[in-house]
Amino acid sequence: MPVYLFTFHAYGSWMPDHQRGYTHRQGGVRVADSEMAAQYRARQKQTVIAFEENHQLAVIDELQAAAQHQRFILYAIATDPTHIHVLCGWEDARGWAKLRNGIRESITRMLNRAYTRRRWLAENASRKRVKEEEHFDHLRANYLPGHRGLKWDPKSGVYR
């Protein structure tokens with residue numbers, strides 16, 4: 001059964017001048033670049049999104065509903081004003097891209113319905129395959145709980 005950590009970034013929240021650099025579609029990870037950031041900002045059609053606590057809670061609720069509807073197992077969620085992590089697995093033959101797109105569509109539809117119609121998420125979500133139990137355990141015990149926003153797992157429910 002494949003298990004992945006998907007990361008959905010809030011629209012406009014991670015620009016090329018970020019101190020940790022940025023990811024470019026055709027060039028992988030690149031160092032911080034203020035000129036490129038200015039070009040990105042000039043092309044932005046909407047304001048930058050920051051996921052507030054009400055957005056985070058709504059996303060967590062939607063992901064739990066989506067897991068049942070789209071037939072995936074939800075292991076953990078971590079939110080932050082700038083992004084959402086979803087640790088999940090599934091048992092059928094779907095590829096990661098199909099599931100990731102379905103999750104993204106569920107989040108976007110719900111936020112559009114609950115708040116206002118707009119672009120909520122950056123174009124592509126990142127993915128990391130979780131192949132080893134040690135990696136899975138690290139994500140659940142250390143990495144995801146260390147985020148600033150609301151978190152969820154099946155044992156604890158929603159927590160800070």
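Biologist: Which residues have the most contacts inside the largest nonpolar core?

Modeller: Happy to start there, with the reminder that this is a predicted model. The core in question has 30 residues. β1, α2, β4, β5 and α3 each supply at least two residues of this core, and the largest share, six residues, comes from α2. The residues with the most contacts inside the core are Phe8, Leu63, Phe72 and Ile103.

Biologist: Leaving aside neighbours within four places in sequence, which residues is Leu63 in contact with?

Modeller: Leu63 is one of the buried residues of α2. Setting aside its neighbours within four places in sequence, its contacts are Phe72, Leu74, Ile77, Ile84, Val86, Ile103 and Ile107.

Biologist: What does α2 reach from its first C-alpha to its last?

Modeller: Helix α2 covers residues 53-70, which is 18 residues. At 1.5 Å a residue, 26 Å would be expected. The helix comes close to that, with a reach of 25 Å.

Biologist: In what order do the strands of the open sheet lie?

Modeller: The sheet has six strands, with antiparallel pairing. Its edge strands are β6 and β8, each pairing on one side only, and the twist averages 20° from one strand to the next. Read across, the order is β6-β1-β5-β4-β7-β8.

Biologist: What angle does the direction of α2 make with that of β4?

Modeller: α2 packs on the sheet, where it touches β4, β5, β7 and β8. The buried residues of α2 also pack against α3. Between the directions of α2 and β4, the angle is about 170°.

Biologist: Why is strand β1 described as largely enclosed by the rest of the structure?

Modeller: Let's look at both sides of β1: Val3, Leu5, Thr7 and His9 point one way, while Tyr4, Phe6 and Phe8 point the other way. Residues on both sides are buried. The strand is largely enclosed because the number of its residues that are buried is seven of the seven.

Biologist: Which residue of β5 is the bridge partner of Leu5?

Modeller: β1 pairs with β5 in the antiparallel sense, over seven bridges. Four bridges also join β1 to β6, again antiparallel, with Phe6 opposite Arg127. For Leu5, the bridge partner in β5 is Leu87.

Biologist: At what angle to β1 does α3 run?

Modeller: Helix α3 spans residues 96-114. α3 lies across β1, β5 and β6. Relative to β1, α3 runs at about 40°.

Technical notes. Residues are numbered from 1 along each chain as its sequence is written. This is a predicted model: local features need pLDDT of at least 70, side-chain atom pairs count only at pLDDT 80 or more; totals for chains, interfaces and linings use all residues. Side-chain values use heavy atoms; hydrogens and water are left out. The expected span of a helix is 1.5 Å times one less than its number of residues. Buried means under 20% relative accessible area, exposed over 50%, partly exposed in between (1.4 Å probe, protein chains only). Contact means heavy atoms within 4.5 Å. Two strands pair if DSSP finds at least two bridges between them. A nonpolar core is a set of buried Ala, Val, Leu, Ile, Met, Phe, Trp, Tyr and Cys residues joined through side-chain atoms within 4.5 Å. Axes are lines fitted to C-alpha atoms, for helices over the stretch in contact, and angles run from 0 to 180 degrees between N-to-C directions.
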